Structures are given as structure tokens and as C-alpha cells.
Amino acid sequence: MTIIAAAGTIIASAALFIVLSGFAGLKDFSLEFSSFVDPDLKVVPLEGKSFVFSEDQAQNILNFKGIDGFSKTIEERVIIEFDDKHQIVTLKGVDENYNKITAIDTMIYYGNWLEPGTNQIVSGGGISNKLSYGVLDLTRHQKIYVPKPGKGQITSVKGAFNSVKTYNIGIFDINEELNNEIIFSDIETARYLLNYNTDQISSIELKLNPDADQELIRTQVESLLNNDVFVKDRTQLNDALYKMLNTENIAVYLIFTLVIIIALFNVVGAIIMMILDKKSSINTLYNLGATTKDIRRVFFLQGSLMTILAGTIGLILGFIIVFLQDRFDLVMLTPSLAYPVEIKIINFILVILTILILGVLASKLASQRISKQLVQG
């Protein structure tokens, strides 16, 4: 009975560590793709969709220690049309520095990146599939519409929308959401569609040195732009994704903690069976002068030691399995992609604390079965 109880605890603790490590790997794998298009810091307006960014401010921002470069962007929801098919997407107009700030050009699997000063666009794979267009088809173009600002009654489509003819020259693949949502264009194309002034932009995307002080740069940039902007880091840019992944991580931890609790019922049963089996020995100890509290402590320590030892063995076993998966790709998601795992210190601490707390509680519960009537025989 004791061996069965210990084996259940070993398996449960190993499973908890493996699942936490696997989920940590999936989390890093999911966030890895967003890093291709997310800058280190992004400057956005506190109010409205745009703000003014002068040439003097642009020069000053480059003088801040830790900033490697920046890119100006203009973003807006637009309608893209091709062969009488329409889709609402996000147009992101970028300048010539954008592919130096992010690694977007490495995500293009068909075609090329934008040439500055042209009406070219680069589309997500989902958009190109839905509208059925490819790249470099100069005989047919994609038309982009943006509603004109203003009031009054609409008398014609031409009067209600700004439009421009564009030509798709590249298709990127980042993740499903971005593939179905974003098209890139030159910043001048976006500026024309939105009637923006030459110093009016939607955001500034910053690239930092590895040893840069993010908080200092955040303060300097906000001060330079009169505190009319908010500077976001990568976590804040993907706050919804981070919240979802963290919620799922907590849910997985709670589910497998429940598995450990179920396994520890075996420990409680094993201790109770041991108490019943050693009833005569308990009575002997009592007659030799041991108190009920002393005898309870013996079984409490025995149960605690068993769960902690079994949990440690399970943790080591789980670590070995995760290590082998990380090094030798034992389990594959696809023929070319191994299931991602990540070994983190926090997962060791979580498993140890969970086993320690629950094991002590289970041992305490079982040892309380020893009563004065029992020890007296």
C-alpha cells in the first residue's frame, strides 16, 4: 500500500513538472512570432489616433543613450478591394527604417519587401488567400479605400472615400491573427489616404541596445513629446496574449494540483492502514511512556517524509524527461518541429512547494486518526 501511494505521488509530481515545462515552451514559442513585428518600445498617442513628430524631435530622440534607431508609422483600418472582393484590414504605413527596427522582411515567404516611395504593399497570407491575389501581377491592382473625415450627406463613393491603387509585391507569414489582419505600405501611401501632414504620424517604434535602460528611455521620450504620448514595451503591446497565456498556465497548474491531491488520498489511506496494522506496537509505545501526541508525530513525520521523498523523485524524473525532449526531440509536433519545452527554476519551486504543502496536510490529516482510545488498546 505504501509503495502504491509513493508511486502515485511520483507520477503526479513528474506529470506536473512536465506539463508546466511544456506549457512554458509553448508560451515562449507563441511569443517568439510576435517579436518579429514588435519593436522594443512603441510610442503611441494618449488621445486620438495621431500626434505631431517634428524633425527636431526626431534628431533629439537619436541622441538618447540606448536607442539604436526608430521608425515612424501610420496605422488605420481600411477597405482593400480586388476582383470585386472586399475585406476590412489594418493598413500600416512604414518608412524605410522599419525593417531595421523589426525583422518583418525575414517573414516574407513569397515576393519581396517594400521599395520606398512606391504604391507597393506587402500582405498577410490570409488576406491574399481570401481575396485571391498573388505578387507582382502588374496587370491587376489592389485598391485601398479610407473614408474621408467630415460631416454632411454622402453624394458619391468618390466623394466619400480616399483611394489609391496599389500592387502587392510580397506575402508574409507570422501568425494567423496578423496574416488575416495587416497589410504594409509605404508611409507616404498611408499619409495620402488619411490626409495627414508631413509631421503627423500614428506611432514611433524604437529599437534599443541590449543594455539600454527601458524606464529611463520611456521617461525621456515622454518628456520630449510633452507627455502627450504613452510608451509601451513588448509585454504591453501583447497584453491580451500575455493575459490569455498566464490564465491558461494557472488553469493547467490547478488541474494537475487536483491530480496530486487525488494521489495523496492514497498516502492518507496508506498511513491509516499502517496505523491499524501497528495497533499493538502503538499500544506498546504508549505503555512505555509515549504520549498520544508523540505517536501522532511519528506517523505525521513518516507520511511527510514519504510524500517529500516521492515528490523529489518525481521531480527528478520529470526533469530528465523534459531535458531529453529539449536535447533529443523525442516528441514531434510536425516532422520538422519538436514539441517545445522550457526548463525554468520557477517550475521546480512550484512543484516542490505544492508537494510539500499538500503532503504535510495529508500526513496531518491521517495522523489525527490516532486517538487516546486507540493507543490504550
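In the predicted model, helix α10 meets helix α13 through Tyr-253, Thr-257, Ile-260, Ile-261, Leu-264, Val-268, Ile-271, Ile-272 and Ile-275. The α13 side of this contact consists of Leu-350, Thr-354, Ile-355, Leu-358, Gly-359, Ala-362, Ser-363 and Ala-366. Of the residues in the contact, 13 are nonpolar and four are polar, and no charged residues take part. Helix α10 spans residues 239-277, and helix α13 spans residues 345-367. Their axes come within 9 Å and cross at roughly 35 degrees. The crossing of α10 and α13 is right-handed.

Helix α13 also packs against α12, which covers residues 292-328. Here the axes come within 8 Å, and the crossing angle is roughly 155 degrees. Angles over 145 degrees count as roughly antiparallel, and α12 and α13 are therefore roughly antiparallel to each other. Their crossing is right-handed. From α12, the contact draws on Arg-296, Phe-299, Phe-300, Gly-303, Ser-304, Thr-307, Ile-308, Gly-311, Thr-312, Leu-315 and Phe-319. These meet Phe-348, Val-351, Ile-352, Ile-355, Leu-356, Gly-359, Val-360, Ser-363, Lys-364 and Ser-367 in α13. By class, the contact of α12 with α13 has 11 nonpolar, eight polar and two charged residues.

Helices α10 and α12 pack against each other as well, at an angle of about 145 degrees. Their axes lie 11 Å apart. This crossing, too, is right-handed. Leu-264, Val-267, Ile-271, Met-274 and Ile-275 represent α10 in the contact. Their partners in α12 are Phe-299, Gln-302, Gly-303, Met-306 and Thr-307. Seven of the residues in the contact of α10 with α12 are nonpolar and three are polar, with no charged residues. Leu-264 of α10 is listed in the contact with α13 and in the contact with α12. Phe-299 of α12 takes part in the contact with α13 and in the contact with α10. Gly-359 of α13 meets residues of α10 and residues of α12.

Open space was examined next. The largest pocket has a volume of about 800 Å³. Its lining is made up of 30 residues, and Asp-38, Glu-177, Leu-178, Leu-237 and Asn-238 lie nearest its centre. Elements giving two or more residues to this lining are α1 (2-34), β1 (41-45), β4 (85-94), α6 (176-179), β9 (182-186), α9 (234-237) and α10. Helix α10 supplies the largest share, five residues. The lining of the largest pocket comprises 15 nonpolar, six polar and nine charged residues.

The second largest pocket holds about 230 Å³ of space. It is lined by 17 residues; Phe-70, Lys-72, Asp-95, Glu-96 and Asn-97 lie nearest its centre. Two or more lining residues come from each of β3 (67-82), α3 (98-101) and α7 (187-194). Strand β3 gives the most, with four residues. By class, the lining of the second largest pocket has five nonpolar, three polar and nine charged residues.

A search of the whole structure finds one cavity of 30 Å³ or more. The largest cavity contains about 30 Å³ of space. Gly-134, Val-135, Leu-136, Asp-137, Arg-140, Gln-142, Tyr-167 and Asn-168 line this cavity. Three of these residues are nonpolar, three are polar and two are charged.

Note on methods. Residues numbered from 1 in each chain as written. Predicted model: local features only at pLDDT ≥ 70, side-chain atom pairs only at ≥ 80, totals over all residues. Heavy atoms only, no water. Axes fitted to C-alpha atoms, helices over the stretch in contact; angles between N-to-C directions. Left-handed = near helix turned anticlockwise from the far one by under 90°. Contact = heavy atoms within 4.5 Å. Nonpolar A, V, L, I, M, F, W, Y, C, P; charged D, E, K, R; others polar. 1 Å grid on protein atoms, 1.4 Å probe; cavity = no way out; pocket = protein on both sides within 12 Å on 5 of 7 lines; lining within 4 Å. Points joined across faces, edges and corners; volume = space filled by probe spheres on them. Parallel < 35°, antiparallel > 145°, perpendicular 65-115°, else oblique.
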